[in-house]
Amino acid sequence: MLTDSRIQEHNEKLADDHAFRWGYMQEWLHRKGLDAEQILQQIQAFQVAIPSWALGTGGTRFGRYPGGGEPRSLEEKIEDVGLLNALNRASGSISLHIPWDIPQDVQAIHTLLDEHHLVIDSVNSNTFQDQKDQQDSYKFGSLCHTQAHVRQQAIDHNIEVIEYGKQLGCRTLTVWLADGSNFPGQHHFRRAYQRTADSLKAICNAMPEDWTMLVEYKPYEPHFYSMIIPDWGTSLRLSEYCGPNAQVLVDLGHHLPNTNIEQIVARLLHFGRLGGFHFNGSMYGDDDLTTGSIKPFQLFLIFCELVQAAQDTAVQNPPVAYMIDASHNTKDPLEDLLQSVQNILTAYAKALLVNTKGLFTAQEANDVVRAEEVLKDAFLADVRPLVAEAIRRNGGALNPLGLYRQLDIRRQLIDKRGRLAVATGL
Ligand SMILES: [Mn+2]
């Protein structure tokens with residue numbers, strides 16, 4: 001479907017145009033006093049995980065319009081991520097969802113992962129829906145439930161997820177809790193919080209020492225009066241309660257409109273508790289749109305905080321696990337993911353161009369205009385040749401989306417898997 005020689009062929013066709021644009025970019029960087037090679041190396045090293053649940057067409061509660069050729073098994077999901085990674089070389093890991101992606105043959109999965117140069121990045125538990133044959137329902141909560149045996153069932157599920165993760169060589173458990181209440185009076189806020197904290201601690205204690213638990217927050221949905229973990233403050237407090245192996249996970253869509261997410265990122269970095277990142281785009285709420293499609297400037301500002309923290313020896317934050325967490329309702333999921341990764345790399349590349357020294361000087365002098373202009377100078381740069389060169393050096397395609405379309409990969413997937421193939425788990 002996609003071979004190295006196909007990528008070579010594609011790159012050769014675009015070589016002349018790329019050389020011209022990349023040459024100009026190099027000259028521009030040189031004049032700015034920036035080290036092109038060093039910036040390239042950082043872009044080349046950036047990896048963002050692809051979640052197994054984003055490979056099929058998403059939907060709303062009103063309808064779903066699958067485009068065909070969706071992966072029907074964990075094996076086919078790995079093949080799809082392998083395709084993405086072959087094209088852009090920045091999607092070398094997968095985030096799995098249990099029980100949607102329980103491996104039947106662990107050894108075969110390892111072999112397939114190796115074939116595609118992929119690793120399992122994290123495992124995600126699911127207590128937001130009842131599974132077949134499940135004894136107790138999560139209708140009124142899981143880790144926060146009033147009854148101990150329901151909480152224990154949810155804890156046991158998370159421990160089972162850790163076991164699968166161990167078999168697959170991963171070291172990160174992501175917990176997103178749908179627990180919450182829909183009406184005033186439904187929850188005893190303090191007791192429900194404490195039960196959740198103790199449940200999370202029990203899960204954390206069951207993890208191997210080199211594992212990290214990521215605690216994700218969300219202000220509303222599926223519950224509309226209160227969520228157990230609605231904000232970063234609650235996530236932070238819970239992480240601290242659980243110990244050094246627990247970290248906060250920021251999902252871009254999990255904020256109320258106009259929240260200053262870059263400031264939250266800076267705060268968490270300052271506290272050394274930013275463990276993970278879920279990328280998506282948002283217009284109103286948890287819209288799960290293509291990353292960078294709605295607010296590219298915000299994405300850039302978030303990366304500025306990440307880059308500045310990485311350059312600051314005073315920041316004691318563990319490496320951040322990056323993942324895309326989007327839903328693709330109208331686009332081909334693979335095209336959407338290719339766009340997302342491209343937008344993420346673009347925002348990162350722009351952040352790497354910021355004249356940090358100049359910015360800090362302007363900040364110290366309270367030169368508001370200068371500080372803003374320093375940021376805008378980097379944001380407005382056309383970094384596409386820089387991103388393309390990084391992908392090319394990693395062995396990927398100069399235009400990943402262009403090559404995907406040129407090879408008509410979706411058509412090939414439909415021929416192979418069928419028009420009605422529906423991704424497992426959705
Ligand atoms: Mn998420």
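According to the unreviewed UniProt entry, residues 103–287 carry the annotation "domain: Xylose isomerase-like TIM barrel". The model examined here is predicted.

The protein chain as a whole contains 15 helices and ten strands. Its radius of gyration is 22 Å, close to the 22 Å given by the globule rule for 426 residues, so the chain is as compact as a globular protein of that length. Along the principal axes, the C-alpha atoms of the chain fill a box of roughly 65 × 60 × 40 Å. Buried residues make up 45% of the 426 residues. Among contacts between residues at least 6 apart in sequence, 79% join residues at least 24 apart.

Eight strands are arranged in an open sheet with parallel pairing, in the order 1-2-3-4-6-8-9-10. Strand 1 (50–51) and strand 10 (321–324) are the edge strands, each pairing on one side only. Strand 3 (residues 119–124) is joined to strand 4 in the parallel sense by two bridges, and N124 stands opposite T174 in strand 4. Strand 4 (residues 172–176) also runs parallel to strand 6, and five bridges join the two. In this pairing, T172 has T212 of strand 6 as its bridge partner. Strand 6 is in turn paired with strand 8 (residues 246–251), again in the parallel sense, over four bridges. Here the bridge partner of M213 is A246 in strand 8.

Strand 6 (residues 212–216) is mostly covered, with five of its five residues buried. The cover extends to both faces: T212, L214 and E216 are buried on one side, and M213 and V215 on the other. M213 and V215 are also, together with V250 and V265, the residues with the most contacts inside the largest nonpolar core, which has 108 residues. The element that gives the most to this core is helix 10 (residues 333–352), with eleven residues. Leaving aside residues up to four places away in sequence, V215 touches V175, L200, I229, S235, L238, S239, A246, V248 and L249.

One of these contacts, L200, is among the buried residues of helix 6. Helix 6 (residues 189–206) has 18 residues and spans 26 Å from its first C-alpha to its last, close to the 26 Å expected at 1.5 Å a residue. Its buried residues are A192, R195, T196, S199, L200, I203 and C204. In an α-helix there are 3.6 residues a turn, so residues three or four places apart point the same way. The buried residues of helix 6 pack against helix 5 (148–167), strand 4, strand 6, helix 7 (232–242) and strand 8.

E389 counts as buried because 22 C-beta neighbours lie inside 10 Å, the cut-off being 20 or more. Leaving aside residues up to four places away in sequence, E389 touches W22 and L40. The C-alpha atoms of E389 and I43 are separated by 9.5 Å, although these residues are 346 residues apart along the chain.

Technical notes: Residues numbered from 1 in each chain as written. Predicted model: local features only at pLDDT ≥ 70, side-chain atom pairs only at ≥ 80, totals over all residues. Core = buried A, V, L, I, M, F, W, Y, C linked by C-beta atoms within 7 Å. Buried ≥ 20, exposed ≤ 12 C-beta atoms within 10 Å, placed from the backbone. Contact = placed C-beta atoms within 7 Å. Pairing = 2+ DSSP bridges. Rg over C-alpha atoms; globule rule 2.2 N^0.38 Å. Expected span 1.5 Å × (residues − 1). UniProt positions renumbered as here; feature names shortened; annotations may be inferred.
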